[in-house]
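Look at the structure first, then read on.

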Amino acid sequence: MQEKLKGIQQEALRALEEVDSLDALDKWQTKYLGRSSALMDVFKSLASLSKEEKPLVGKAANQVKLALEKSSGEKAAQLEARRIQESLAGEKIDVTLPGRSITSGRLHPTTQTLREIYRIFGDMGFQIYRSQEVETDLVNFQLLNFPPHHPARDMQDTFFLKSERDRADNPLMMRTHTSPGQIHAMREHNRKYPEDPPPIRIILPGMCYRYEQITSRSEIQFNQVEGLAVGKGITFGDLKGTLSNFARRMFGQDVKTRFRASHFPFTEPSAEMDVGCFLCGGQGCSVCKGTGWLEILGCGMVHPVVLENGGFDPEVYSGFAFGMGPERITMMRHHIEDIRYFWANDLRFLEQF
Ligand code: DAH
């Protein structure tokens, strides 16, 4: 019996050496320490042994049992340690890997252009004046010297506000340009300084609306930046100096400018400013349509009627005004061929700026 027990122990320990996982250890325990193991059979057979044999075999069997339990306990600890080590290795952080880049938002290309315009005119002492988007026909057109049936109104097909249609002489509407802000600004200035008002130097940025066919060139909603300077002794020379300086700071020190005669009801004389095409350097390309020049803005000396409507005596005061489209400028700068991109919210477009 003692021999048999020794055999059981040796076989069990040899088998334990092969055990390589907690699962396998479970099976090993069933096989060598379980109810129907050879060792348990020895315990069961104790009853049939003689008085002398019983304690000897019982003791020896117990020793084998304790030895096997101890070894399997050690094995379990070993396997558990290995499991923990392996799972830690799986979570290991390689600090030499390149970091994940953080995606960050950016400003809309029009906003970028707008901010640049604010900065340049801010440096020249212009303040920002905000004016309402809902206007009356009176301020949007009439006070700016557009008579009721003036042909220039055709260029500015208008969104009228429905509930106000019955006010036929002065309907409410979405402003078609930022120029009506000139009237509000001048009147507010006069209210603030009833006696001898100091000069006005402002830009008026904001959204404008036109009831037009949407195409690659025209949108029903777009930004404008208006400019207005009013004071004593302001001349066309001041206008040219201010706008040429703006062009140099916006498009580069070497940019050429030219002023072409034009017509607007609210300025006299009126002009349009072109800059030498900064894409082809004046050689002629698809953006400047072969002319070498890009039209940037409309401008002129504030019409005496408009000065008067703003509360300034045209005999004493003069001023200049200008208006430009930041989307148009952005399109030229970045060679963007379709204005509809500005409102499409397509990330593939927006992420380029
Ligand atoms: N209001 C004009 C437009 O919408 C732009 C403009 C031209 C504004 C000449 C001005 C100006 O102040 O002097 O198209």
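Which ligand atom is 2.9 Å from an N or O atom in the side chain of Ser179? It is a nitrogen atom of the ligand. A polar side-chain atom of His177 also lies 2.9 Å from a nitrogen atom of the ligand. Gln224 places a side-chain N or O atom 3.0 Å from a ligand oxygen atom. Polar contacts here are pairs of N or O atoms within 3.5 Å.

The protein covers 91% of the ligand's own 350 Å² of accessible area (Shrake-Rupley method, 1.4 Å probe).

## Basis of the model

This is a predicted model, in which local features need pLDDT of at least 70, side-chain atom pairs count only at pLDDT 80 or more, and totals for chains, interfaces and linings use all residues. Residues are numbered from 1 along each chain as its sequence is written, and side-chain values use heavy atoms, with hydrogens and water left out.

## The shell

The ligand has 16 residues around it (a heavy atom within 4 Å). His177, Ser179, Arg210, Gln224 and Glu226 come nearest. By class, the shell holds 5 nonpolar, 9 polar and 2 charged residues. Strands S5 (221-231), S8 (293-302) and S9 (318-324) each supply at least two shell residues. Strands are DSSP runs of E, at least two residues; helices are runs of H or I, at least four.

## Lys51

Lys51 is in the loop between helix H3 (38-45) and helix H4 (53-90). Why does Lys51 count as exposed? Its relative accessibility is 74%, and exposed means over 50% (1.4 Å probe, protein chains only). The C-alpha atoms of Lys51 and Leu161 are separated by 116 Å. Along the chain, Lys51 and Leu161 are 110 residues apart.

Conventions:
Polar contact = N/O pair within 3.5 Å; in protein donor to acceptor, adjacent residues only side chain to side chain. Nonpolar A, V, L, I, M, F, W, Y, C, P; charged D, E, K, R; others polar. Buried < 20%, exposed > 50% of the residue type's maximum accessible area, 1.4 Å probe, protein only.
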